[in-house]
Amino acid sequence: VSKAGVAVHPDLNAIAAFVDDRLAHAERVVVVQHLSECAECRVMLAAFGRAQAAFPSRPHESVGLTRRLRAPATWLLLAATVTIATSVGLLVSRGGSEADRVLSNGRPPQPEVPSAAPTAAVSPPLSATAPETRSTPAPKPLPPAADDLTTRRSGVRQLGGKTFRLVAGEWVDSDYDPLSLLPVETVSASTRASLLDRMPELKPYAALGPNVLVVHRGVVYRFSSS
Amino acid sequence: VNQVAFARDAERAAVDALVQAVVRCRFTLTVTTFSDLLLERVRECEPGQSAVEYAKALCLDDLYLATACAQGDDDAWREFRFRHFTYISDFARRFLHDAAARDVADQIIADLWQRQRLKQYNGRSTLRTWLGAVVTHAAINAGKVVRRSTTLNLEAVEQSQHAAGATVVASEEDHATRREFAVLVQRALGDLDPEHKLLLLLYYEQGLTLDQMTTILSVSKATLSRRLERLRQDLRTVIEARAQQQLDASAAGLVTALDFSRLEVDLSAALGTVTVQKKGGGGV
């Protein structure tokens, strides 16, 4: 901030970094010292603050979020939440496997224990089971077919090196980050064909469903059924 | 020599890896070129610092976009236009009326493009914040912003004491006492550390609200409020103690008679004795 003993104003990068709270401690001390003494820079900072406060989304919030994410307590909380969510998800997934089999095979689930020996279901000693059941192991459940319901239940698709997740009826590319503020091109049903003619590499993604959001070459394409 | 070369190669590889992990290289500017520029910048600006640590502190994706724009990449400009042009115009409108805001925004965009002013962005903040600072600076330079600057002098403080309802006894002795008291207030303010002084100045001199201060100080509103309250209390204590110690009995009586709960008002007047220079129309 000083050259040959003469105090100079911090440049716009330093002011912006101060506002974003990205200065190193030593740099911040120098900038604060200057701001507390230089009315001209304070005018600039105050004007910036007034204008910035009027915007709904403010940069310091994202910076604050980043800083909050760096805090160990936040990570512990997040980790705990993810663990619980995963456990619950697994339980729900296992609980729903019978329903999947019904839907995928088109037949009712086969009881593992024959109905002739209902008591065995409560306590299934091997001797109580029917001989044919013992000799021929129970068939493994077929992998669920990729029908609509299963797709919705799984909610994840891998396609062309990309991962898509089903969110509120829309297949969303995992590369999509709303905070990156990439340009978004909305593709309606009427313009879908022309865009796909122009950019055939998007066809596999568009085929995922009527509503698809894919990030391609720095642009977000939002295919919409409307 | 080999060790130095090895260290440089390792540093180079680490910067490359960082850039690849953080930046979506979507323009003609390659990872290698961008890494070269980063390394060059570190050697110029922070010769002793590790390049990786330096790069980690930067908003690399924003810097990548700005660098690609500065190199004249059309796609980069398209993205820049999509992401930031509206923000520049909207930000300018916070200071100016529509037509003037459009002029300033156009001028800034022209500067960024034709004069390659984007090269000045160093990635230490987000590109958006830097653009906000650029717009603010341009609006101030255009003379459209009300300037508020403190002229903290004894007369002003004395007048503020008077205006704040301090015990007024129209005698020469009390007049002198008030002057001494004004000196005490001024010294107490001068003894504050810069961080606290800045807080008071932004609040009283610049007249920012707590909401506005949170945007530039990255501190929550509640924390700011607590800090200001504590500052006022500390100042009251310091001023009272010094007054009792330094002033004579009659002056001490005057100090006691002063309503210290009004110190907030006094501070407001003392720090907020602003010289308003208004050039042109509009204002913040």
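Biologist: Which residues of helix 10 (residues 194-205) of chain B are buried?
Modeller: Helices here are DSSP runs of H or I with at least four residues, strands are runs of E with at least two, and both are numbered from the N terminus. Buried means under 20% relative accessible area, exposed over 50%, and partly exposed in between, with a 1.4 Å probe and protein chains only. By that rule the buried residues of helix 10 of chain B are L198(B), L199(B), L200(B), L201(B), L202(B), Y204(B) and E205(B).

Biologist: Before we go on, what kind of model is this, and how are things numbered?
Modeller: It is a predicted model, where local features need pLDDT of at least 70 and side-chain atom pairs count only at pLDDT 80 or more, while totals for chains, interfaces and linings use all residues. Residues are numbered from 1 along each chain as its sequence is written, chains are lettered from A and ligands numbered from 1 in the order in which they are written, and side-chain values use heavy atoms, with hydrogens and water left out.

Biologist: Which residues have the most contacts inside the largest nonpolar core?
Modeller: A nonpolar core is a set of buried Ala, Val, Leu, Ile, Met, Phe, Trp, Tyr and Cys residues joined through side-chain atoms within 4.5 Å. The largest one has 93 residues, and helix 7 (residues 127-141) of chain B gives the most to this core, with 9 residues. The residues with the most contacts inside the core are F18(A) and W130(B).

Biologist: And which residues of chain B does F18(A) touch?
Modeller: Contact means heavy atoms within 4.5 Å, and residues up to four places away in sequence are not counted here. Within chain A, F18(A) touches L23(A), R28(A), V31(A), V32(A), L35(A) and L45(A). From chain B, the partners are L198(B), I216(B) and L217(B).

Biologist: At what angle do helix 5 (residues 74-93) and helix 7 of chain B pack?
Modeller: Axes are lines fitted to C-alpha atoms, for helices over the stretch in contact, and angles run from 0 to 180 degrees between N-to-C directions. The two axes are 10 Å apart. The packing angle is about 40°.

Biologist: How does the contact of helix 5 of chain B with helix 7 of chain B divide by class?
Modeller: Helix 5 of chain B contributes residues including F80(B), Y87(B) and F91(B), and helix 7 of chain B contributes residues including L131(B) and V135(B). For the classes, Ala, Val, Leu, Ile, Met, Phe, Trp, Tyr, Cys and Pro count as nonpolar, Asp, Glu, Lys and Arg as charged, and the others, Gly among them, as polar. The contact has 8 nonpolar, 3 polar and 2 charged residues.

Biologist: What about helix 5 and helix 6 (residues 98-114) of chain B: at what angle do they cross?
Modeller: Their contact includes W77(B) and F85(B) of helix 5 of chain B, and I108(B) and W113(B) of helix 6 of chain B. By class, it has 11 nonpolar, 1 polar and 2 charged residues. The axes come within 9 Å and cross at roughly 145°.

Biologist: How many disulfides are there over all chains?
Modeller: A disulfide is a pair of cysteine sulfur atoms within 2.5 Å. The sulfur nearest to that of C38(A) belongs to C41(A), 3.7 Å away, and C38(A) is in no disulfide. C38(A) is buried at 11% relative accessible area, and C41(A) is buried at 7%. Over all chains, the disulfide count is 0.

Biologist: Is D175(A) buried or partly exposed?
Modeller: D175(A) lies in the loop between strand 5 (170-173) and strand 6 (184-187) of chain A. Leaving out residues up to four places away in sequence, D175(A) touches K162(A) and V215(A). With a relative accessible area of 46%, D175(A) is partly exposed.

Biologist: Last one: what is phi of S218(B) near?
Modeller: S218(B) sits in the loop between helix 11 (210-217) and helix 12 (221-246) of chain B. S218(B) is buried, at 13% relative accessible area. Its phi is positive in a residue other than glycine, near 55°.
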